[in-house]
Amino acid sequence: MRVFFLLAVVMVLFISGCIELPNSSESFIKGGLKISTLADPSTVFSGSDTMLYVDVENTETKTLKDVSIGVYYLDLFSMGYTGTGTGILTHDACLASGGTCSSSPCAPGMDVGMCNFSLVTHRYNESYPEPYCCGYYCFKRKDELKPGDMMTHACKLKAPSKEDMAEDSLTGGAGVKITYDTELSAVQLVELITENGYLIRKNTGDWKTMPKSYTYRDKGIEMHVEFSDELPIVVRKDKKAYVYFTIKNIGGGFISDIEGSYIKDKENGIPYSMDGVSLANGIGDFSIEQTKIDNKFIVTCSNINKLTQNNDEFPRIACELNLPQNMDYLSNYPVTIRVHYNYEIRKDVPIKIVR
């Protein structure tokens with residue numbers, strides 16, 4: 001990584017007459033990103049500074065949108081900043097902006113560093129999992145990160161003074177938060193056969209079926225598609241058939257809720273609600289692009305307002321298949337399923353402070 005190659009020079013830190021060797025970066029892969037973090041130095045004297053470097057590489061085969069790297073200071077570090085693209089407020093400026101720094105933690109699910117859109121993160125409340133809404137937040141954003149491209153960010157953190165340290169050494173640090181927007185898309189064939197076609201193939205020994213389950217994934221999520229019957233589905237009068245979609249988080253990070261849904265007519269681009277009613281605009285994280293057959297969509301579902309994951313899995317989406325009665329002997333109907341989502345990865349970087 002570019003930044004870390006520049007840091008190969010030995011950093012000298014005198015602690016009790018000893019010399020600290022160069023720090024090594026920590027790398028891991030989550031949600032399609034290879035992430036490396038390095039605090040340099042990783043051991044500092046009270047009142048001195050350390051630099052936190054974050055490198056992000058896109059290991060996906062697609063471009064990621066709206067990529068953001070943020071560093072929010074944890075309890076021991078404060079003040080001090082270098083970097084590009086920041087949100088920073090002093091304690092007094094935070095109060096002047098209407099912030100309450102003593103008793104109002106961010107609500108669960110709110111973006112760290114974006115509390116009320118004007119305040120930034122200061123420190124953790126030990127009894128609450130989210131940060132308080134004041135202090136310092138250092139971030140960098142990029143509209144797109146293409147496959148194989150890298151993004152680098154650096155922030156300066158200042159250790160507390162001797163007077164603020166009750167012990168000879170402490171371990172504090174900073175939290176690293178990385179987010180991006182993307183979507184998983186897949187083309188699924190819905191294969192149907194008339195009952196006469198089925199009987200002909202069955203009587204001639206030419207009847208073969210395809211699996212009824214299919215799985216599509218990127219490095220953040222996985223979508224499992226399951227039909228009620230093996231393909232091709234035999235079309236009979238009054239027969240009911242269904243397809244089910246199950247979405248799982250497989251990237252090791254945090255995923256946004258799935259909100260809203262729509263169907264897009266491939267022929268004219270007009271959006272419809274999941275039950276087939278025309279809409280003014282297509283809005284939603286879950287969508288199915290398809291073509292109408294006999295003035296009906298092959299796949300219709302209940303409208304989705306909001307789906308929240310539980311143990312990395314979202315509630316199953318159940319949809320009905322509209323089986324055309326005047327179809328050809330054997331027909332394939334392609335539908336494109338799209339799942340838009342926001343992905344978030346967090347990492348705490350420990351730093352030792354010596355009084």
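Predicted model: local features only at pLDDT ≥ 70, side-chain atom pairs only at ≥ 80, totals over all residues.
**Group meeting: rings, a helix face and a pocket**

Let me begin with tyrosine 244, which is buried at a relative accessible area of 19%, where buried means under 20% relative accessible area, exposed over 50% and partly exposed in between, taken with a 1.4 Å probe and protein chains only. Residues are numbered from 1 along each chain as its sequence is written, and side-chain values use heavy atoms, with hydrogens and water left out.

The charged end of arginine 316 sits over the ring of tyrosine 244, 4.0 Å from the ring centre; the term requires NZ of Lys or CZ of Arg within 6 Å of the ring centre and within 35 degrees of the ring normal.

Turning to ring pairs, a search of the whole structure finds six aromatic pairs. Here rings of Phe, Tyr and Trp (its six-membered ring) pair if their centres lie within 6.5 Å, and planes under 30 degrees apart count as stacked, over 60 as edge-to-face and the rest as tilted. Tyrosine 198 and tryptophan 207 have ring centres 4.8 Å apart and planes at 85°, so this pair is edge-to-face. Tyrosine 242 and tyrosine 244, by contrast, form a stacked pair, with 6.4 Å from centre to centre and 25° between the planes. As for accessibility, tyrosine 198 counts as buried at 16%, whereas tryptophan 207 at 23% and tyrosine 242 at 30% count as partly exposed. Tyr180, Tyr341 and Tyr343 form one aromatic cluster.

Tyrosine 198 also brings us to helix 3, residues 195–203, where Gly197, Tyr198 and Arg201 are buried; helices (H or I, at least four residues) and strands (E, at least two) are DSSP runs, numbered from the N terminus. Which part of helix 3 do its buried residues line? Seen down the axis, they fall within an arc of 100°, so they line one face of the helix, the arc being that of the directions from the helix axis to the C-beta atoms. The face turned away from the buried side carries the exposed residues Asn196 and Asn203, and just after helix 3, glycine 205 takes a positive phi of about 75°.

Now to some backbone details. Most residues other than glycine have a negative phi, and most peptide bonds are trans. The peptide bond from aspartate 40 to proline 41 is cis, with omega near 0°, and proline 41 lies in the loop between strand 4 (33–40) and strand 5 (43–45). A cis peptide bond also joins leucine 231 and proline 232. Aspartate 238 has a positive phi, near 70°, and counts as exposed at 68% relative accessibility. Asparagine 295, with phi near 65°, lies in the loop between strand 21 (292–293) and strand 22.

Strand 22 (296–297) and strand 25 (317–321) each supply at least two residues of the lining of the second largest pocket. By class, that lining has six nonpolar, two polar and seven charged residues, where Ala, Val, Leu, Ile, Met, Phe, Trp, Tyr, Cys and Pro count as nonpolar, Asp, Glu, Lys and Arg as charged, and the others, Gly among them, as polar.
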